[in-house]
Amino acid sequence: MLALRVHEPRLRWPIDPHLPRKLRGQRIRRVARRAKYLLLELDSGTLLLHLGMSGNLRVVPRDTPRLPHDHFDLLLDSGRAVRFNDPRRFGSLLYTATDSRAHPLLKDLGPEPLGAGFDADYLWQITRGRRVAIKQLLMNSHLVVGVGNIYASEALFRARIRPQRAARRLSRADAVRLVRAVRTVLALAIRAGGTTLRDYLGTDGAPGYFRQKLYVYERAGKPCRRCGTPIRALTQGQRSTYYCPSCQQ
Ligand SMILES: [Zn+2]
């Protein structure tokens, strides 16, 4: 049986004061993820947990003394607690008693980039008739989730597509290459973050080890790793973009 112990309810959204009562006696049936939300599916509802900018979860014996910024514990039957720490308190813990896919924070999200819903057919469809730059389209979470600035830049390099190209100018072959590149970049980043440096994250959220493998991101003026041409930088939608003017068309 699950129990919730709250020490600091003032997160991005306040933790519902009735939540400990709502959770009492429930079990965690399944753990899933949607975009940046961890979903704990319970007997009769779902907990939506977001780490915010600076949050982390630890599994500790339940009587472990609290550290500063430890805000709540999910107490497990095993005697352990899943403990949430978040110095900046942008994280959140929400509960819905109904289908989590219909939750306002989740219902308008695009498909997962590593899931079956994100394929060349889908990318082809969503780029038709759109003048927006392909990089900005990739970063629009209503169209596909989880492709942040670094990964969009790197995927476009691998697919040899200029970030500022209008989405509607993608060819069918471009869509195939770009989907493959997005999946590759994310898989590499996950793997790098899942090895010995998993606890090290740069301030931009890039896993430390993955940073060493970047082709274009934050490499303005440096030679392209493929052709030697200096990497260029520009600003798109208030975000920095990097590309090789020779490799990417
Ligand atoms: Zn190049």
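This is a predicted model: local features need pLDDT of at least 70, side-chain atom pairs count only at pLDDT 80 or more; totals for chains, interfaces and linings use all residues.

Modeller: Let us begin with a helix. In α4, the buried residues (under 20% relative accessible area, with exposed over 50% and partly exposed in between, for a 1.4 Å probe and protein chains only) are Asn-149, Ile-150, Tyr-151, Ala-152, Ser-153, Glu-154, Ala-155, Leu-156, Phe-157 and Ala-159. That makes 10 of the 11 residues of α4, a helix that is mostly covered. Just after α4, Arg-160 has a positive phi of about 60°.

Biologist: Which residues are buried in helix α2?

Modeller: An α-helix has 3.6 residues a turn, so residues three or four places apart point the same way. In α2, which spans residues 120-127, the buried ones are Ala-120, Leu-123, Ile-126 and Thr-127. They line one face of the helix, because they fall within an arc of 135° when seen down its axis; the arc is taken from the directions from the helix axis to the C-beta atoms. Just after α2, Gly-129 has a positive phi of about 75°.

Biologist: Which residues have the most contacts inside the largest nonpolar core?

Modeller: A nonpolar core is a set of buried Ala, Val, Leu, Ile, Met, Phe, Trp, Tyr and Cys residues joined through side-chain atoms within 4.5 Å. The largest here has 35 residues, and Leu-123, Ile-134, Leu-178 and Val-182 have the most contacts inside it. Two or more residues come from each of α2, α3 (134-138), α4 (149-159) and α5 (172-193), and α5 gives the most, with eight. Apart from this core lies another, of 16 residues, including Leu-47 and Phe-72.

Biologist: Which residues are the protein donors of the zinc ion?

Modeller: Donors are N, O and S atoms within 2.8 Å of the metal (3.2 Å for Na, K and Ca); water is not among the atoms, so sites may look incomplete. The protein donors here are the SG atoms of Cys-224, Cys-227, Cys-244 and Cys-247, lying 2.3 to 2.4 Å from the zinc ion. Their spacing in sequence is C-x2-C-x16-C-x2-C. Cys-227 lies in the loop between α6 (208-211) and β9 (232-236), and Cys-244 in the segment after β10 (239-243), so this pair ties together parts that are 17 residues apart in sequence.

Biologist: What is the geometry of the site of the zinc ion?

Modeller: Ideal angles at a metal are 109.5 degrees for four tetrahedral donors. Four donors count as tetrahedral if all angles lie between 85 and 135 degrees. The site is tetrahedral, with angles of 102 to 113° among its four donor atoms.

Biologist: Are these cysteines buried or partly exposed?

Modeller: Cys-224 is buried at 5% relative accessibility, and Cys-244 is buried at 0%. Cys-247 is also buried, at 10%, whereas Cys-227 is partly exposed, at 37%.

How values were computed:
Residues are numbered from 1 along each chain as its sequence is written. Side-chain values use heavy atoms; hydrogens and water are left out. Helices (H or I, at least four residues) and strands (E, at least two) are DSSP runs, numbered from the N terminus. Four donors count as tetrahedral if all angles lie between 85 and 135 degrees; four count as square planar and six as octahedral if opposite donors are over 155 degrees apart and all others between 65 and 115; anything else is irregular.
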